[in-house]
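Work through the exercises below with the sequence and coordinates at hand. Try each task before reading its solution.

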Amino acid sequence: METARPLEIRWLGRQPYQESWDLQHELVAAIAAGDAPDTLLLVEHDPVITLGRRRGAAENVFDAGGLPVVETERGGDVTYHGPGQLVGYPLLALGEGERDLHAYLRKLEGVLIAVLVARGLAAGRLAGQTGVWVQDRKLASVGVAVRRWVTYHGFALNVSTDLAPFRRMNPCGLPASVMASMNDLMPGGAPAVEAIARDVASRFSAEFGRKELPNAASLGIPQG
């Protein structure tokens, strides 16, 4: 029986986008070379607009309003990252039986759907769209890249995000009005971003058949 690959989970706290992007590139190279384990980075970003590879992504920004705009190699269109949003970057070496990127995207969505359902939200998928939705409101965006069959980039889940910056664009090519946060939809408001990070960390390894390394317990992510 094949042994599950180890998974390191790191909570980075709040960090500028460029720092996390640089770290992803370092880890992708190390994982591809066999010098580092599969890794899940969980982070909250300073405000930034990022562009994916989809044609016309830049044209979907109306007015950046002074926010940095970064072109990336991930799939998808334009989106916003900022405080109150949990961003996850899975850096996974995909084995022979895992090299189906559509299935990989569905698994990422599945992790978030399970987290949201456990918190009382009727989350799911919307036909023809990526990401995670509650009816016709979008809570999470997904956009990934792969290099040497190591994944990077990932997902962004609006926990208590200020949604106003989304009105500066057509996020993921959609009207800004579709975007929502957990805070909008949960009576009494959303938990802390760190609490949702813990939820994601606890579900991720099982969904992807990885064995979580013991350092994850010392990340400082609350259990609530």
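The model is predicted: local features need pLDDT of at least 70, side-chain atom pairs count only at pLDDT 80 or more, and totals for chains, interfaces and linings use all residues. Residues are numbered from 1 along each chain as its sequence is written, and side-chain values use heavy atoms, with hydrogens and water left out.

**Exercise 1.** Determine how the axes of helix α2 and helix α4 cross, and which residues make the contact.

Solution. Step 1: locate the elements, where helices (H or I, at least four residues) and strands (E, at least two) are DSSP runs numbered from the N terminus. Helix α2 spans residues 101–118 and helix α4 spans residues 193–208.

Step 1: classify the angle. Under 35 degrees counts as roughly parallel, over 145 as roughly antiparallel, 65 to 115 as roughly perpendicular, and the rest as oblique. The angle therefore makes α2 oblique to α4.

Step 2: list the contact residues, with contact meaning heavy atoms within 4.5 Å. Helix α2 contributes Tyr104, Lys107, Leu108, Val111, Leu112, Ala114, Val115 and Ala118, and α4 contributes Ile196, Asp199, Val200, Arg203, Phe204, Glu207 and Phe208.

Step 3: sort them by class. Ala, Val, Leu, Ile, Met, Phe, Trp, Tyr, Cys and Pro count as nonpolar, Asp, Glu, Lys and Arg as charged, and the others, Gly among them, as polar. The contact of α2 with α4 has 11 nonpolar residues, no polar ones and four charged.

**Exercise 2.** Is His153 buried or exposed, and which side chain does the side chain of His153 join in a polar contact?

Solution. Step 1: His153 lies in strand β9, residues 150–158.

Step 1: apply the accessibility classes: buried is under 20% relative accessible area, exposed over 50%, partly exposed in between (1.4 Å probe, protein chains only). His153 has a relative accessible area of 1%, so the residue is buried.

Step 2: search for polar contacts, pairs of N or O atoms within 3.5 Å; within protein, one must be able to donate a hydrogen and the other to accept it, and residues adjacent in sequence count only if both atoms are side-chain atoms. The side chains of His153 and Glu73 are joined by one of 2.6 Å.

Step 3: leave out residues up to four places away in sequence. His153 then touches residues including Tyr17, Trp21, Glu73, Tyr89 and Val144.

**Exercise 3.** Describe the surroundings of Arg210.

Solution. Step 1: Arg210 belongs to strand β10, residues 210–212, and is buried at 8% relative accessible area.

Step 1: Arg210 and Ala4 are 206 residues apart in sequence, yet their C-alpha atoms are 5.1 Å apart.

Step 2: beyond four places in sequence, the contacts of Arg210 include Ala4, Asp38, Leu92, Glu98 and Ser205. With Glu98 there is also a side-chain polar contact of 2.4 Å.

**Exercise 4.** Characterise the loop residue Ser181.

Solution. Step 1: Ser181 is in the loop between β9 and α3 (182–185). Step 2: with a relative accessible area of 2%, Ser181 is buried. Step 3: neighbours within four places aside, Ser181 contacts Leu139, Asn158, Val159, Thr161 and Leu163.

**Exercise 5.** Examine the phi angles of Gln135 and Arg148.

Solution. Step 1: Gln135 is not a glycine, but has a positive phi of about 55°. Gln135 sits in the loop between β7 (132–134) and β8 (137–147) and is exposed at 69% relative accessibility.

Step 1: Arg148, also not a glycine, has a positive phi of about 50°. Arg148 is in the loop between β8 and β9 and is exposed at 60%.

Note on methods:
Axes are lines fitted to C-alpha atoms, for helices over the stretch in contact, and angles run from 0 to 180 degrees between N-to-C directions.
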